[in-house]
Amino acid sequence: MAESLIEIKRKMTSTKKTSHITSAMQMVSGAKLNRSESASKNYQLYAKKVREVVTHLAASQLKSIDPDMEADSFDEEITDEEAYHVMLQTRPVKRTGYIVITSDKGLAGGYNSSIIKQTIQMLQNDHKSHDEYVLMTIGRTGTEFFKKRGAPIAYEQIGLSDQPVYDEIRSIIHTAIEMYQENVYDELYVCYNHHINSLSSQYRAEKMLPITDLDATEAKSYEQEYILEPSEEAILDQLLPQYAASLIYGAILDAKTAEHAARMTAMKSATDNASNIIDELTLKYNHARQAAITQEITEIVGGAAALE
């Protein structure tokens, strides 16, 4: 019985140490979540302004886009004098690009498994072979997973900081936009977990290229119109890639926020489970100790009776 008490005590001590670690990790993830939510909200102000300017400048071209344009008439449409910017064109899809965002580390509950599982399901449903798509991965978990399965990975990035700045992901964003402009693929999606709140997130596969989310009816009119120098086309050549980059960067910030929330929730769950285990072990320890005391009293009483 003494060995049993020692073993229970050892388990209690070990579990308490684990709960201290998970509790600390929960608090750290909570602090990172607050900073990430703040950064994401602040960035939305910038993205909103860029969208406003782009919509205003591209309004005339957006109005000329025919949403019902068929693939057979595509070449004829874009050779017209009123052809619109290449990043606004919806062209026949021969290959699709995907940026898949996962985390570099674990201990985040089902965060990574949810992204990978639903991305694989989408690829299997939408494509018949590897030749029909190309991947760009952010995060060690997704990169290693798709590499082991022979998926076509054109670019990878690992070691992203907890609060990523634009310079960290500039390379993958510029590569993604250049590959689209060079017709490596004809549309680009970003696959990630969208942050809803600290307890939940939602998988998203958002279309980033071509830019189809602009609406000409949103364009504002001003008493004094912009003075464009050197020309509207030259400005759009610079501004549309910047807008596409802002969409991708915003998705990365959103994904990081969801990652911190998932890790905080996972660590809270681990801490709560550790507390429950400690309570059960404490009860078990008390029962075992009481049984040992009872047995000792019984032996003493029995010994005293034998001497009479």
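Me: Is N193 buried or exposed?
Reply: In this predicted model, N193 is found in strand β4. Its relative accessible area is 2%, and the limit for a buried residue is under 20%. N193 is therefore buried.

Me: Which backbone oxygen lies 3.4 Å from a polar atom of the N193 side chain?
Reply: The residues that N193 touches, not counting those up to four places away in sequence, include S114, D254 and Y111. A polar contact requires N or O atoms within 3.5 Å. At 3.4 Å from a polar atom of the side chain of N193 lies the backbone oxygen of Y111.

Me: Why is the pair of Y98 and Y189 stacked?
Reply: A pair of aromatic rings is described by the distance of the centres and the angle of the planes. The centres of the Y98 and Y189 rings are 5.9 Å apart, and pairing requires them to lie within 6.5 Å. Planes under 30 degrees apart count as stacked. The pair is stacked because its planes stand at 25 degrees.

Me: How many residues apart are Y98 and Y189?
Reply: Y98 belongs to strand β1 (residues 96–101), whereas Y189 belongs to strand β4 (residues 187–197). The pair thus links distant parts of the chain, the two residues being 91 residues apart.

Me: What kind of aromatic pair do Y166 and Y249 form?
Reply: The ring centres of Y166 and Y249 are 5.5 Å apart, with 90 degrees between the planes. An angle over 60 degrees is the criterion that applies here. Y166 and Y249 form a pair that is edge-to-face.

Me: Which helix holds Y249, the partner of Y166?
Reply: Y166 lies in helix α6 (residues 166–181), 83 residues apart from Y249. Y166 is partly exposed at 23% relative accessibility, whereas Y249 is buried at 8%. The helix that holds Y249 is α7 (residues 232–307).

Me: Which residue lies over the face of Y180?
Reply: A charge over a ring must have its NZ (Lys) or CZ (Arg) within 6 Å of the ring centre. K9 lies over the face of Y285, at 5.4 Å from the ring centre. For Y180 the distance from the ring centre is 4.1 Å, and the residue is R91.

Me: What is the handedness of the crossover from β2 to β3?
Reply: Strands β2 (residues 133–138) and β3 (residues 153–157) pair in the parallel sense over 4 bridges. Within this pairing, I138 stands opposite Q157. The chain passes from β2 through helix α5 (residues 140–148) to β3, and this β-α-β crossover is right-handed.

How values were computed. Residues numbered from 1 in each chain as written. Predicted model: local features only at pLDDT ≥ 70, side-chain atom pairs only at ≥ 80, totals over all residues. Heavy atoms only, no water. Phe/Tyr/Trp six-rings, centres within 6.5 Å; stacked < 30°, edge-to-face > 60°. Buried < 20%, exposed > 50% of the residue type's maximum accessible area, 1.4 Å probe, protein only. Lys NZ or Arg CZ within 6 Å of the ring centre and 35° of its normal. Pairing = 2+ DSSP bridges. Right-handed = clockwise from strand over helix to strand, strands pointing away. Polar contact = N/O pair within 3.5 Å; in protein donor to acceptor, adjacent residues only side chain to side chain. Contact = heavy atoms within 4.5 Å.
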